[in-house]
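Here is a short briefing for work with the coordinates. Please keep the structure open alongside the text.

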Amino acid sequence: MESNKRTALVTGSGRGIGRAIALRLAEDGFNVVVNDIDLDNAETVVKEIKELGRESFSIQADVSKRDQVFDMVQTVVKHFGQLDVMVSNAGIAQIKPLLEVTDEDLQQIFEINVYGVLYCLQAAAEQMKKQKHGKIISAASIASYKGFSLLGTYSATKFAVRGLTQAAAQELAQFGITVNAYCPGIVDTQMWDLIDEKMGEYMNLEKGEAFKQFTQSITLGRPETPEDVAKFVSFLASPDSDYMTGQSVMIDGGVIFS
């Protein structure tokens, strides 16, 4: 595939890890479509991508809504003619003891973190089957290998992403589609600002202390950056990963060893 025709769609890419992934894929030669529920953030990233010399546009869509996801993929294909890489990055965290989790809590986090991943996978695969090639890449977490206290529902959704990744890899291999996931650790983003704040409330810690405690568990001795994650997603989106499928790989600086 000619590099100037490769197209990637990155969900939740208006900020944080998603933004870093979108920019890195643009640097790699992809035209990148930026999805986010915050259109202002998405448009800022589109501008950055265009400054790198690649084509880009934004789509405001909620990944928890199946029809919006399918419409989004159709819009991408209508504009670029194909979809080579789907990065299902959008997700949320919830910080709460399991004994306090409500129906509403479960519905919200599973609809975004699990249903959203499945809808992106379904929509992308329908197009990639026609092309007879494609890479589907989803956001898991170190919490997909170890359940964390106060992050029980979040951990459950990320375990689910690992299961979907393994099953989809087996089902879609016949169509030339690979399916993998990336598992970040303690990333210095706005999501972790929220985790730090909420955990601090439950653990009676000052602002920044929960993040500091988790960071101390990192073998490489520093918090992860969004760019650290983006470098690995770059590999998953490249031909170098063509013989890799069904894997959920830790990119965490050495927090979880499996």
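Which residue forms a salt bridge with Asp-28? Arg-24 does, and the closest N and O atoms are 3.1 Å apart. The model is predicted.

**Salt bridges**

- The count comes to 5 salt bridges. Among them is the pair of Asp-28 and Arg-24.
- Asp-28 is partly exposed, at 27% relative accessibility. Arg-24 is also partly exposed, and its relative accessible area is 27%.
- Glu-48 and Arg-19 join their side chains in another salt bridge, at 2.7 Å from N to O. This pair links distant parts of the chain. Glu-48 sits in helix α2, Arg-19 sits in helix α1 (residues 16-27), and they are 29 residues apart.
- Glu-48 has a relative accessible area of 22%, so it counts as partly exposed. Arg-19 is partly exposed at 28%.
- Lys-96 pairs with Asp-105, with 2.8 Å between the closest N and O atoms.
- The cut-off for buried is under 20%.

- Asp-36 lies in the loop between β2 (31-35) and α2 (39-51).
- Asp-36 is buried, yet it has no salt bridge. Why does Arg-15 not count as a partner? Arg-15 is the nearest side chain of opposite charge, but it is 6.2 Å away, and a salt bridge needs a nitrogen within 4 Å of a carboxyl oxygen.
- The Asp-36 side chain does reach a backbone nitrogen, that of Asp-38, at 2.9 Å.
- Leaving out residues up to four places away in sequence, Asp-36 touches Gly-12, Ser-13, Gly-14 and Arg-15, and also Ala-42, Ile-59, Gln-60 and Ala-61.

**Helix crossing**

- At what angle do the axes of α3 and α4 cross? They cross at roughly 35 degrees and come within 9 Å. Helix α3 spans residues 66-80, and helix α4 spans residues 103-131.
- The crossing is right-handed.
- On the α3 side, the contact is made by Arg-66, Val-69, Phe-70, Val-73 and Val-77. On the α4 side, the residues are Tyr-119, Cys-120, Gln-122, Ala-123, Ala-124, Glu-126 and Gln-127.

**A loop lysine**

- Lys-146 is placed in the loop between β5 (134-139) and α5 (152-172). It is partly exposed, at 42% relative accessibility.
- Setting aside neighbours within four places in sequence, Lys-146 is in contact with Ser-155, Phe-159 and Ile-256.
- Lys-146 and Ser-258 are 112 residues apart in sequence. In space, their C-alpha atoms are 9.9 Å apart.

**Positive phi in residues other than glycine**

- Lys-132 has phi near 65 degrees, a positive value in a residue other than glycine. Lys-132 belongs to the loop between α4 and β5. Is Lys-132 buried or exposed? It counts as exposed, at 64% relative accessibility.
- Asn-204 also has a positive phi, near 55 degrees. Its place is the loop between α6 (190-203) and α7 (209-215). Asn-204 counts as exposed because its relative accessibility is 71%, and the cut-off for exposed is over 50%.

How values were computed
Residues numbered from 1 in each chain as written. Predicted model: local features only at pLDDT ≥ 70, side-chain atom pairs only at ≥ 80, totals over all residues. Heavy atoms only, no water. Helix = DSSP H or I, 4+ residues; strand = E, 2+ residues; numbered from the N terminus. Buried < 20%, exposed > 50% of the residue type's maximum accessible area, 1.4 Å probe, protein only. Lys, Arg positive; Asp, Glu negative; His and termini not counted. Polar contact = N/O pair within 3.5 Å; in protein donor to acceptor, adjacent residues only side chain to side chain. Contact = heavy atoms within 4.5 Å. Axes fitted to C-alpha atoms, helices over the stretch in contact; angles between N-to-C directions. Left-handed = near helix turned anticlockwise from the far one by under 90°.
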